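Visitor: I would like to learn how to read a structure like this one. Please show it to me, and let us go feature by feature.

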Amino acid sequence: MAYFLKKSNLKKGTYLQIYESFYDPQRKGSVHHSYKALGYVHELMDKGIDDPISFYKDEVDRLNRQRNEQLKKDKERQISDETPERLPGYFPLKNINESLGVKKYLDLMQTATDFHFNVFSMISSLIYARAACPCSKSRTFEDILPKLFEPCHFSLNQLYSGLEYIGSEYEKIIEIYNHQISHKYPFDTSRTYFDCTNFYFEIDREDDFRRKGPSKENRKDPIIGLGLLLDAHQIPVGMKLYPGNESEKPVLRKVIDDLKSRNNISGRTIQVADKGLNCAENILHALRSGDGYLFSKSVKQLPGTEQTWVRLENDYRDVRNKKGELLYQIKECVDDFPYEYTDDHGQKKTIRLKEKRVATFNPQLAKKQKAEISRQVEKAKSLKASQAKKSEYGDCAKYVTFQAVDEKGKKSEDKIMVTINEKAIEKALSLAGYNLLVTSEIHMSDTEVYSTYHNLWRIEESFRIMKSQLDARPVYLQKEDTITGHFLICYLTVLLTRLLQFKILGNSYCSEDILGFFKQFKVARVSERKYINLTKSSTFIKEFAGITRLPLTSYFLTESQIKKMLSHRF
């Protein structure tokens, strides 16, 4: 860029302007535009400038000297207090988030507060930052938000206050998102998938919310539980947080009841869940609500006659892939089965329900489970040989028997004798590879029951995204509402990602590709109007560039191109 004095000979006289010139990469040449209009020579002389042309030539020389000095300083400067890196990879989430029109409802909610910042803008910034580079809230504020193209008009203290507020109102916020999504991408709640997981906190003491309980990671830290509900197309429709020491089983009932009441869902839903949520109370609750159920059931806990039916080779038929390779074997039956439950008065009762049961045998699963059983048996034998304490056996304790004996080997309270439980090992090996599905939908075919249940892996994937890709754990926040606000941001990030994956991209790409793009699409600012693309080439980014018709694979990018990405509409 350089400055020069332009003299235009017009009817009224000679007109002076200071112009600047700079290189335009799009035009591949120099471009000039007016920097400052000065006026006619005779008018400038009337104002007391004896020689306007010489006077303003000196002014142009001064501007060029300043420019050259600044360029020299820029070259000498090696370390900047501001990184040139920017993270525009979140632009697909921005597109979907803004197109839903939730802002007007969140703005109305905010009128009941005294916040001097916009809650929707804060939520949006945290979602985009969580997708682009997940980290702690303080680091997000200091390091990640400045790299986004969304201006943040809130302080760190306001961020924590806003997080606490949205945590206290998280069910309303999910309801608003669901209301707006239902207009654009209608939910299909004919089948809903539900599962629970937990998240640990690196703290020593429990409180009312973070309680010690069975951890998925087998950790001893206090945890909280999170239940997640997906619709038939694997789009999240609800979540519920609960103290870590509470049972997961009642959470299913709470979430589905709340979902239906808040979203006016009156149709019949088939509730699909894993064996951990299979109990008589959940089954009866589904039936009383006019819903159906499809649960997995532990073969090991079946009565003897039912275990015998599962293991009998009769009626099993093979299901093979296109190459003719055996995938699994399957069979079904419909009958009345007993369920025990406790009524409202604490009385135990038994009820018989007509249901379909689908048994499957998976040879690959059997091989994997038998290998795990062998590993645990070997561990038990090793611990037995080293006279380890009972507490050291862990999961392999189910393959040994502990019995108190005296020095002569008779039963006593003095010493514990450990013996390998051969019957338990034999039974575990005989049941390896078998699974049982139970459902109220007796008219569904066995393969439809199987395929419907196996869509449950999408919830496991959503949990994995939260825990791994979005770094939802460990959590360092302290207040219950602030913690809930943190998980709401993670939930909304997964929700918008799923809408992109299923509703816009037609489930043509896996979640790893999409989430990888959010993180890896980076640019660096090299001048006032120019960026360079730092992103590594991949099949996804090439195909995504074709879908969006955006220059995602170009090395040089202009500011207008970046703005076009951020304002793109699918």
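Visitor: Of the 570 residues of the protein, what percentage count as buried?

Guide: Buried means under 20% relative accessible area, exposed means over 50%, and partly exposed lies in between, with a 1.4 Å probe and protein chains only. Here 47% of the 570 residues count as buried. One caution: this is a predicted model, where local features need pLDDT of at least 70, side-chain atom pairs count only at pLDDT 80 or more, and totals for chains, interfaces and linings use all residues. Residues are numbered from 1 along each chain as its sequence is written, and side-chain values use heavy atoms, leaving out hydrogens and water.

Visitor: How many helices and strands does the protein have?

Guide: Helices (H or I, at least four residues) and strands (E, at least two) are DSSP runs, numbered from the N terminus. This protein has 19 helices and 18 strands.

Visitor: What is the radius of gyration of the protein, and what does the globule rule give?

Guide: The radius is taken over C-alpha atoms; the rule is 2.2 Å times the number of residues to the power 0.38. The protein comes out at 33 Å, well over the 25 Å given by the rule for 570 residues, so it is more spread out than a compact globule. Along the principal axes, its C-alpha trace spans about 120 × 60 × 55 Å.

Visitor: Which residues have the most contacts inside the largest nonpolar core?

Guide: In soluble globular proteins, nonpolar side chains tend to be buried together. A nonpolar core is a set of buried Ala, Val, Leu, Ile, Met, Phe, Trp, Tyr and Cys residues joined through side-chain atoms within 4.5 Å. The largest one here has 96 residues, and I123, I166, Y177, M239 and L552 have the most contacts inside it. Helix α16 (residues 480–504) gives the largest share of this core, 13 residues. Another core lies apart from it, with 34 residues, among them L229, V237, Y293 and F337.

Visitor: What does I166 touch?

Guide: Contact means heavy atoms within 4.5 Å. Leaving out residues up to four places away in sequence, I166 touches V119, M122, I123, I173, G485, L488 and I489.

Visitor: Is G162 buried or exposed?

Guide: G162 is buried, with a relative accessible area of 0%. G162 lies in helix α7 (residues 156–168). Beyond four places away in sequence, G162 touches F115, F117 and M122. G162 and M122 are 40 residues apart in sequence, yet 7.5 Å apart in space, C-alpha to C-alpha.

Visitor: Why is strand β5 called largely enclosed?

Guide: Nine of the ten residues of β5 (residues 191–200) are buried, so the rest of the structure largely encloses this strand.

Visitor: Which strands do bridges join to β5?

Guide: Two strands pair if DSSP finds at least two bridges between them. Strand β8 (residues 270–273) runs parallel to β5, joined by four bridges. There, T192 stands opposite Q271. Strand β6 (residues 223–230) runs antiparallel to β5, with eight bridges. In that pair, C196 stands opposite G227.

Visitor: What is the strand order in the open sheet of three strands?

Guide: The order is β1-β2-β3, with antiparallel pairing. The edge strands, β1 (2–10) and β3 (29–40), each pair on one side only. Nine bridges link β1 to β2 (residues 13–24). Across that pair, N9 stands opposite T14.
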